[in-house]
Every structure is written in C-alpha cells, then in structure tokens.
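Have a look at the fold first, then read on.

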Amino acid sequence: MRVAELMHTGVRALGPDASVAEAVVALADAHVSGLPVVDRRGRLLGVISTSDVLEAEAEAPDSKARTTLLDETTVEDLMTPRPITITPDSTIQEAARQMLYADVKRLFVEEEGQVVGVISQTDIVSAVANGRL
C-alpha cells in the first residue's frame, strides 16, 4: 500500500509570521497535534505542534510571559524546522519506518516541493486494525 492511499489531503497550513495564539486556535479547530508551516509559495519550512507550544509555555516564568508568548511570538520562533517528509508513492512500510526512527507522530507528504497531505501513526494503526494493511 502507498502513502497516497492513506494520507489526508486538504491540510491546513500556517505562515511563519502567524502568532502562537493563531496556531493554538488552528490546531484546536483542525483537531490535530501538528500543522505545517509554509512560505508564500507553499514550500514546507517547518512544523508547529502542541508539544512545541506546551514546552514554551512551561518555560515561561509567569502569566505575563505566557501572554507575550501567545500574542507576540511567531510560529517561526517555535516551529521545528525542516521536518521529515515523504512522497505519495512511498510505501506505508517506509512511512512507518521513518516515523519510528525519527520518533515523530506524522509525516507531511510532499510532491514537487508542495505539501499535498499528511500521514500519521494513527492512520497506519487504523489501516492495520481494519484489515486494510
């Protein structure tokens, strides 16, 4: 089975200048734990995750610093740069191997330099559990 058969398309993305508050809302609205950060041409720059936000909030010394973090910090400041990607024609086995070795929950799917989807550990486990894999 190929990544294209399990990946989710229509992935919401954020620009690097989005605030952390905007990222929190976008993550909650999409019901996901990570979103791609892309430039104006749609090229992948990084990924912002709930873990990135929680770690930054945990390091904030007080409520004022947390408010500053949310309102004045950009996604670019917190994102993980250069995330691992995969192509739509890669196998599910290769996607699982990359997630395992890199200790990540998701891979963004790129084709010709553009994000075209995302595949997660949950997608793969669901396919196995439902006999699709």
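## Sheet and helices

In S3, Thr80 is the bridge partner of Val47. This is a predicted model, where local features need pLDDT of at least 70, side-chain atom pairs count only at pLDDT 80 or more, and totals for chains, interfaces and linings use all residues. Residues are numbered from 1 along each chain as its sequence is written, and side-chain values use heavy atoms, leaving out hydrogens and water.

S3 pairs with strand S2 (residues 44–49) in the antiparallel sense over two bridges; strands pair if DSSP finds at least two bridges between them. Strands (E, at least two residues) and helices (H or I, at least four) are DSSP runs, numbered from the N terminus. The open, antiparallel sheet has three strands in the order S1-S2-S3. S1 (34–38) and S3 (80–81) are the edges with a single partner strand each, so one side of each has no neighbour in the sheet.

Helix H3 (residues 50–59) lies across S2 and S3, at about 60° to S2. The helix pairs look like this, with axes fitted to C-alpha atoms over the stretch in contact and angles from 0 to 180 degrees between N-to-C directions:

| Pair | Angle | Axes |
|---|---|---|
| H2 (residues 20–30) and H4 (residues 63–72) | about 75° | 4 Å apart |
| H3 and H4 | roughly 145° | within 8 Å |

Contact means heavy atoms within 4.5 Å. For H3 and H4, Val53, Ala56 and Glu57 of H3 touch Arg66, Leu69 and Leu70 of H4. Over in H2, Val20, Ala21 and Val24 meet Leu69, Leu70 and Asp71 of H4.
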